[in-house]
Amino acid sequence: MTTYWLKINLESDAAFGRGDGVPGVVDAEVQHDEYGLPFMSGKTLKGLLTASCAEILDSLILAGNQMGWQAPASRLFGSPGHKTDDMGNLHVSDARLPEYVRAQIMADQTLSRQKVLESLTSIRTHTAIDPETGAPKDHSLRSMRVILRI
């Protein structure tokens, strides 16, 4: 099996959500490991790649270019709701910080999980605006943790 590495450079602060928050702190938390290091799960990353591929295929079809890309895409990504026997040839691992960075942080016993998380992320707040009045909508203030673009 051939292994390829994908390098992700953040062009802006990002929120790789995990679907929950921390009551009283943040409504939408980023995925992070036991050391406080943010990451994107392989399942999420493969889903994003699959969705991007589907958009390209749809665009090709709309442009009248049906060159038989559906079958290779299915072999690569598998079928929607796939079972083990048709899950596709592409296997995606978690997107994590480089190993040398992870090793340095894991070796430093003075760094707490919270300190690491706080050093690589920030909490942003936002509220919905009523389009008619221009005022904030009641009970719409939300906070989310974002991974800082470094």
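**Reading the terms in this predicted model**

Of the 150 residues in the protein chain, 23% count as buried. This is a predicted model, in which local features need pLDDT of at least 70, side-chain atom pairs count only at pLDDT 80 or more, and totals for chains, interfaces and linings use all residues. Residues are numbered from 1 along each chain as its sequence is written, and side-chain values use heavy atoms, with hydrogens and water left out.

Q: Why is Ser143 called buried?
A: Buried means under 20% relative accessible area, exposed over 50%, and partly exposed in between, with a 1.4 Å probe and protein chains only. Ser143 has a relative accessible area of 11%, so Ser143 is buried. You will find Ser143 in strand β2, residues 142-147.

Q: What makes Ala28 partly exposed?
A: Its relative accessibility is 31%, so Ala28 counts as partly exposed. Ala28 sits in the segment before α1.

Q: Why do His139 and Lys43 count as exposed?
A: His139 is at 76% relative accessibility and therefore counts as exposed. Lys43 is at 76% relative accessibility too, so Lys43 counts as exposed. His139 lies in the loop between β1 (121-126) and β2, while Lys43 belongs to helix α1. His139 also has a positive phi of about 60 degrees, although it is not a glycine.

Q: What does Ser143 touch, and what does Ala28 touch?
A: Contact means heavy atoms within 4.5 Å. Not counting residues up to four places away in sequence, Ser143 touches Val25, Val26, Asp27, Ala28, Ile123, Arg124 and Thr125. With neighbours up to four places away again left out, Ala28 touches Asp20, Gly21, Ser143, Met144 and Arg145.

Q: Which residues make up the largest nonpolar core?
A: A nonpolar core is a set of buried Ala, Val, Leu, Ile, Met, Phe, Trp, Tyr and Cys residues joined through side-chain atoms within 4.5 Å. The largest one has seven residues: Ala14, Phe16, Val30, Met40, Leu45, Leu117 and Ile147. Leaving aside neighbours within four places in sequence, Ala14 is in contact with Val30, Val146 and Ile147.

Q: How do you know how many helices and strands the protein chain has?
A: Helices (H or I, at least four residues) and strands (E, at least two) are DSSP runs, numbered from the N terminus. The protein chain comes to four helices and two strands, in the pattern α-α-α-α-β-β along the sequence.

Q: Why is the protein chain called more spread out than a compact globule?
A: The radius of gyration is taken over C-alpha atoms, and the globule rule is 2.2 Å times the number of residues to the power 0.38. For 150 residues the rule gives 15 Å, and the protein chain's radius of gyration is 20 Å, well over that, so the chain is more spread out than a compact globule. Its C-alpha atoms fill a box of roughly 55 × 50 × 30 Å along the principal axes.

Q: By class, what makes up the lining of the largest pocket?
A: Ala, Val, Leu, Ile, Met, Phe, Trp, Tyr, Cys and Pro count as nonpolar, Asp, Glu, Lys and Arg as charged, and the others, Gly among them, as polar. On that basis the lining has 24 nonpolar, six polar and six charged residues. Among the elements, α3 gives the most to this lining, with four residues.
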